[in-house]
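Hi,

Here is the structure I promised to pass on. Have a look at it first, then read my notes below.

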Amino acid sequence: MADRRTQHLPGAAASLRHYARGFLLSVILTGAAFALVMTHALPREATIFVIFVLAAVQVVVHIADFLHVDTSLEQRWNLFATLFALLVVGILVGGSIWIMFSAHERMRPDMPAMTMPPESF
């Protein structure tokens, strides 16, 4: 009968290393974005761009270190599913932003009033 303390899972140390690295990188990336906003180190547009880049890097860190999705043959379908989900989210977010900006442009207060001539009734 084997002692429980001597039984080890084959990838437990590697998995723990992945989780620790992912956690550390996530904390660093979140702290960098927070510090960038709080210190006003860059102009507004540059800050927004850098935050988007940091968010994209953090998504990659989460996928690689916490979900363990990589480019190996065994993970190919998981990678395709992840890329498809990212495409759908990108379309939804991009489409929503496009609709909001379009609605904002069409509802500006300085636009002339749209009235219909009495003949059209």
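Tyr19 is partly exposed, at 37% relative accessible area (buried is under 20%, exposed over 50%, partly exposed in between, with a 1.4 Å probe and protein chains only). Before I go on: this is a predicted model, where local features need pLDDT of at least 70 and side-chain atom pairs count only at pLDDT 80 or more, while totals for chains, interfaces and linings use all residues. Residues are numbered from 1 along each chain as its sequence is written, and side-chain values use heavy atoms, with hydrogens and water left out.

Now the aromatic rings. Rings of Phe, Tyr and Trp (its six-membered ring) pair if their centres lie within 6.5 Å; planes under 30 degrees apart are stacked, over 60 edge-to-face, and the rest tilted. How many aromatic pairs does that rule give? The count is two. In one of them, the ring centres of Tyr19 and Phe66 are 6.1 Å apart and the planes are at 15°, so this pair is stacked. Tyr19 sits in helix α1 (residues 12-39) and Phe66 in helix α2, so the pair ties together parts that are 47 residues apart in sequence. (Helices are DSSP runs of H or I with at least four residues, strands are runs of E with at least two, and both are numbered from the N terminus.) Phe66 is partly exposed too, with a relative accessible area of 28%.

Trp77 and Phe80 make an edge-to-face pair, 5.8 Å centre to centre with 80° between the planes. These two are three residues apart in helix α3 (residues 76-106), so about one helical turn separates them. Trp77 is exposed at 69%, whereas Phe80 is partly exposed at 42%.

Back to helix α2, residues 44-66.

Several residues of α2 are buried, including Leu54, Val61 and Ile63. Gln58 is another residue of this helix, buried at 18% relative accessible area. Leaving out residues up to four places away in sequence, Gln58 touches Ser26, Leu29 and Thr30 (contact means heavy atoms within 4.5 Å). Thr47, also in α2, is buried at 11%. With that sequence limit again, Thr47 touches Leu36, Val37 and Leu42.

Cheers
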